[in-house]
Every structure is written in C-alpha cells, then in structure tokens.
Amino acid sequence: QLQASGGGVVQAGGSLRLSCAASGRTFANYVCAWFRQAPGKEREFVAVITRSGGSTWYAGSVQDRFLISRDNAQNTVYLQMNSLNSEDTAVYYCAAGSRYTNTLNAYGLWGQGTEVTVSS
C-alpha cells in the first residue's frame, strides 16, 4: 500500500515536497515513480528512481525543477518540487513497480494521489 501526502495550494514560483510512504512490502525491492494528472488530461510521467536511489529520470517539463529521492529505511519516496508554475497543477500519484521506466502501465502499485494547485 502506498500513501501519498504533501499536496496543497502554493503560489507560482514556490515549492512543495510530496511524500509517498509504503507499508506492508519490502520497499527497497521496488522502482518508484511519480505521475500526475491535470484536469481534463491523461496521467503523465514525472520522475522515476531506481531501487537504490542511484539513478533518476525526469520528464522534460520538470527537469532541473523537481527532485525525486527515496529513503529505504523509512519506506518513503519524495518529490521536491521547485519553481512551480500553473502547468504543474495536477493530482500527483506515486507508483511502484519492477522496471525503471516512464511507462504508466508498467507500475502495478499506486497511491491514492495528492492534489497540487499552483496559483498565479
């Protein structure tokens, strides 16, 4: 089970940190990712991190602004979001799977989503 938190309303240019806590599983066995879904749009890839945290991969739209990290001892993955703009407004979902990929369907475990609203 994955539980995402940390969403909220933030002004453009601000920052938020999302968290995703895992329970009931050996968290370090999973590749973890963040996806997001804006109103009226399909869910899209944001970032992914390997089991060890040694490699990360970002969507071009968030590269250099967002940072994905994980703490396997705490069974938690994070998404630090900086320089937020209105296009970042979406529900953010954490996901876990076995492959290091940006493909949505490759992830079998999903959190419930946390909403981020960026106001101008």
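Author: Buried residues account for 44% of the 120 residues in the protein, where buried means under 20% relative accessible area, exposed over 50%, and partly exposed in between (1.4 Å probe, protein chains only). This is a predicted model, in which local features need pLDDT of at least 70, side-chain atom pairs count only at pLDDT 80 or more, and totals for chains, interfaces and linings use all residues. Residues are numbered from 1 along each chain as its sequence is written, and side-chain values use heavy atoms, with hydrogens and water left out.

The setting comes before the detail. The protein has zero helices and eleven strands; both kinds of element are DSSP runs numbered from the N terminus, helices being H or I with at least four residues and strands being E with at least two.

The structure holds five aromatic pairs. Rings of Phe, Tyr and Trp (its six-membered ring) pair if their centres lie within 6.5 Å; planes under 30 degrees apart count as stacked, over 60 as edge-to-face and the rest as tilted. One of the pairs joins Phe35 and Phe45 edge-to-face, with 5.8 Å centre to centre and 75 degrees between the planes. This pair links distant parts of the chain, for Phe35 belongs to strand β4 (residues 31–37) and Phe45 to strand β5 (residues 44–49), ten residues apart. Both Phe35 and Phe45 are buried.

Phe35 also forms a tilted pair with Trp110, at 5.2 Å centre to centre and 55 degrees between the planes. Because Phe35 lies in strand β4 and Trp110 in strand β10 (residues 107–110), this pair ties together parts that are 75 residues apart in sequence. Phe35 is buried, with a relative accessible area of 1%, whereas Trp110 is partly exposed, at 26%. Phe35, Phe45, Trp57, Tyr100, Tyr107 and Trp110 form one aromatic cluster.

Charged residues also meet aromatic rings. Arg43 lies over the face of Trp110, 5.0 Å from the ring centre; a charge sits over a ring if NZ of Lys or CZ of Arg is within 6 Å of the ring centre and within 35 degrees of the ring normal. The charged end of Arg70 is placed over the ring of Phe27, 4.6 Å from its centre.

Finally, Phe35 is also among the residues that Tyr92 touches, which include Leu18, Trp34 and Arg36, not counting residues up to four places away in sequence; contact means heavy atoms within 4.5 Å.
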